[in-house]
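Subject: Structure handover

Hello,

Here is the structure for you to look through. Please open it first, then read the notes below.

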Amino acid sequence: DVMFKADIEKRTSTGLLVPWGKVARSGFAKWRFGRGSLRWNAEKRVKLNLGHDRAETVGVAVRLENFTNGLHGTFKVARGEQGDKALSLAEDGVLDGFSVEVDFEDGDGWTTDPRDEDIRLVAQAKLVGAALTGYPAFDDARVDRIAAARQEGVKMTQEETFEEEDG
């Protein structure tokens, strides 16, 4: 079970953005992200929006960390009407999930899963944003708190990259 709390004063939203090794459908394709497959230029350049609507950008990443189970993120939610709306909807459990927005640049890419040709294995991509949503592509990608907490990251070996996590 995911712990869910809201702290309007701190105005932060924290949770699992992408679980490593799990399959999700996004639009017309199925995707599975390898451990550590996402990179970003600077945390503050990764923005948070509502439902993948970039016109409703409501926050900025203040911490992004790779863990053994996936990429975790903390976003600072802006003051004002849109930020208040995002925090209220998260507090009420309406928008309780995250969905990543990625770009594939030169040298990035994905390959077809040899076990299932319908699945795209992401080896490397650039994280450009995240959406706060009620319907994340990965059911595990949930907001687990609105207050930030400190945890230690874990380094991963190449062999661990596409192993599926045991539930």
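The count comes to nine salt bridges. A salt bridge here is a side-chain nitrogen of Lys or Arg within 4 Å of a carboxyl oxygen of Asp or Glu. Side chains of opposite charge can pair when their charged atoms come close.

Before the details, two notes. This is a predicted model, in which local features need pLDDT of at least 70, side-chain atom pairs count only at pLDDT 80 or more, and totals for chains, interfaces and linings use all residues. Residues are numbered from 1 along each chain as its sequence is written, and side-chain values use heavy atoms, with hydrogens and water left out.

**Salt bridges**

Arg-11 pairs with Asp-84 in a salt bridge, with 2.9 Å between the closest N and O atoms. The two sit 73 residues apart: Arg-11 in the segment before strand E1 (12-19), Asp-84 in helix H1 (residues 81-91). Helices (H or I, at least four residues) and strands (E, at least two) are DSSP runs, numbered from the N terminus. Arg-11 is buried at 11% relative accessible area, while Asp-84 is partly exposed at 36%. Buried means under 20%, exposed over 50%, and partly exposed in between (1.4 Å probe, protein chains only).

Arg-39 forms a salt bridge with Glu-105, at 3.0 Å between the closest N and O atoms. Arg-39 is in strand E4 (residues 38-39) and Glu-105 in the loop between E8 and E9, so this pair ties together parts 66 residues apart in sequence. Glu-105 also meets Lys-126 in a salt bridge (3.5 Å, N to O). Lys-126 lies in strand E10 (residues 116-133). Shared partners join Arg-39, Glu-105, Asp-108 and Lys-126 into one network of salt bridges.

**Asp-108**

Where is Asp-108 found? Asp-108 is in the loop between strand E8 (97-103) and strand E9 (109-113). Asp-108 counts as buried, at 17% relative accessibility. Its side chain makes a polar contact with the side chain of Arg-39 (2.9 Å). A polar contact is a pair of N or O atoms within 3.5 Å; within protein, one must be able to donate a hydrogen and the other to accept it, and residues adjacent in sequence count only if both atoms are side-chain atoms.

Best wishes
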